Amino acid sequence: MKPESAIAEPLPASLPVALGPRLAVLGAVVLWGASFSAMRSALHDLHPWSVMWLRMAVALACILPLWRTIDLSAYRKGDWKLLLPAVLLQPCLYFWLESAALGLTTSAQAGIISASVPLLVAVGAWFTLSEPLNVRIVCGLLLSVAGVAVLSLSGEATQAAPSPLLGNSLEFLAMVCAAANMILIRILGRRYGAWTLTVMQVVTGCVFFSPGLAYLADVPAGTFDTRLVAILVFLGAGVTLGAFSLYNWAITRMPAGTASAHINLVPVVAVVCGFAFLGETMGPLQMAAACVVLCSVLMTQKS
């Protein structure tokens, strides 16, 4: 049997989910929801690639003292065919697309679009892991895509969101990458520890975003004030390392669709933070489209 097949053996979908994994995934999505506003704030002062490299570097600095806890003994020949796309999809492509998106749209709109992840994961888990998929989920996915389209097309260019259509489109592509990564982590988690997978993601991200170092040379003196440093530490230690560790651990202990369903909380946190810290607003049509996206996700959940 090929190594990939051994890893991909699905867990029974009927297993009950313990409280620990649920709390872990909830903690992860709260951190992710708050990260949209934090990321937009950092992009006011630094180039996107610089922000991404710095947050990866902060996460790596937190990992180094714990390097002895990293266990690569589970590796089998051929595993790279799953590991490589997993770490490239997230953090590399995901953060690349999202950092570009947050320079073009608001954190509130980007957070709303993240609600499409549970539906994308549900379809992907059905295709790759044989997890149940019904007509309600398919209808919810189509409704979610329609809501995202209206949210993007109805947005007007402003100083805070110079190109909402392009920005929201990039954010949706980032969510596709995130969903694909969650499926791969669910598969790889059969044998690899959540911590080891997180370390792989952070190291790959540091290398991938290393061109961001060049942009730091042009940063004016005094840019790195207490506020910016606090934001970078939050993004690196709290979000990149903390949220990924929590989610990677949780998703190996529950069905992928169940874990991703908790991401419904991300838009709520993102919108609240965007309103509270950045003064972001949305028009009536966009608010209606946002409600459609959220309702489309809720309709797919078991009663």
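A nonpolar core is a set of buried Ala, Val, Leu, Ile, Met, Phe, Trp, Tyr and Cys residues joined through side-chain atoms within 4.5 Å, where buried means under 20% relative accessible area, exposed over 50% and partly exposed in between (1.4 Å probe, protein chains only). The model is predicted, with local features needing pLDDT of at least 70 and side-chain atom pairs counting only at pLDDT 80 or more, while totals for chains, interfaces and linings use all residues. Residues are numbered from 1 along each chain as its sequence is written, and side-chain values use heavy atoms, with hydrogens and water left out.

The largest nonpolar core holds 66 residues, of which Trp32, Val51, Leu235 and Tyr247 touch the most other members. Helix H8 (residues 164–188) gives the most to this core, namely 12 residues; helices are DSSP runs (H or I, at least four residues), numbered from the N terminus. A second, separate core has seven residues, among them Ala108, Ile112, Val271 and Val293.

Helices H2 (residues 19–43) and H3 (residues 48–63) pack at about 125°, with axes 9 Å apart. Axes are lines fitted to C-alpha atoms over the stretch in contact, and angles run from 0 to 180 degrees between N-to-C directions. H2 and H3 are therefore oblique to each other, a class that remains once angles under 35 degrees (roughly parallel), over 145 (roughly antiparallel) and 65 to 115 (roughly perpendicular) are set aside. Met39, Ala42 and Leu43 of H2 meet Pro48, Val51, Met52 and Arg55 of H3, contact meaning heavy atoms within 4.5 Å. Beyond its neighbours within four places in sequence, Leu235 contacts residues including Met39, Ala42, Val51 and Arg55.

Notes
Helix = DSSP H or I, 4+ residues; strand = E, 2+ residues; numbered from the N terminus.
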